[in-house]
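Colleague: Can you take me through this one? I have the sequence open next to it.

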Amino acid sequence: MKHLILLNDPPYGTERSFNGLRMAHALAKNDPEAEITVFLMVGAVLCAKAGQKTPDGQRRARTC
């Protein structure tokens, strides 16, 4: 089955992008033959940036 997951929330301040990535991981784990595409746009693009530093004033509960 094909899945498309669209993410547009930034990695900090909300957990929606984190939850979307968790969903993609769960789909891949439960169905190895699934075709999963994660499309990052707007603030979610920062989820793909390596070596992020937590912005001032933001707690680091979870990051993408």
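Modeller: Start with Asp9, which counts as buried because its relative accessibility is 13%; buried means under 20% relative accessible area, exposed over 50%, and partly exposed in between, with a 1.4 Å probe and protein chains only. This is a predicted model, so local features need pLDDT of at least 70 and side-chain atom pairs count only at pLDDT 80 or more, while totals for chains, interfaces and linings use all residues. Residues are numbered from 1 along each chain as its sequence is written, and side-chain values use heavy atoms, with hydrogens and water left out.

Colleague: What does the side chain of Asp9 meet in a salt bridge?

Modeller: The side chain of Arg16, at 2.6 Å, N to O. A salt bridge here is a side-chain nitrogen of Lys or Arg within 4 Å of a carboxyl oxygen of Asp or Glu.

Colleague: How many salt bridges does the structure hold?

Modeller: One.

Colleague: And Arg16, buried or exposed?

Modeller: Exposed, because its relative accessibility is 58%.

Colleague: Which side chain has a polar atom 2.5 Å from the backbone oxygen of Asp9?

Modeller: That of Ser17. Ser17 is buried, with a relative accessible area of 1%, and sits in helix H1, residues 16–30. Helices (H or I, at least four residues) and strands (E, at least two) are DSSP runs, numbered from the N terminus.

Colleague: Changing topic, where is Leu6?

Modeller: In strand S1, residues 2–7. Leu6 counts as exposed, because its relative accessibility is 51%.

Notes: Polar contact = N/O pair within 3.5 Å; in protein donor to acceptor, adjacent residues only side chain to side chain.
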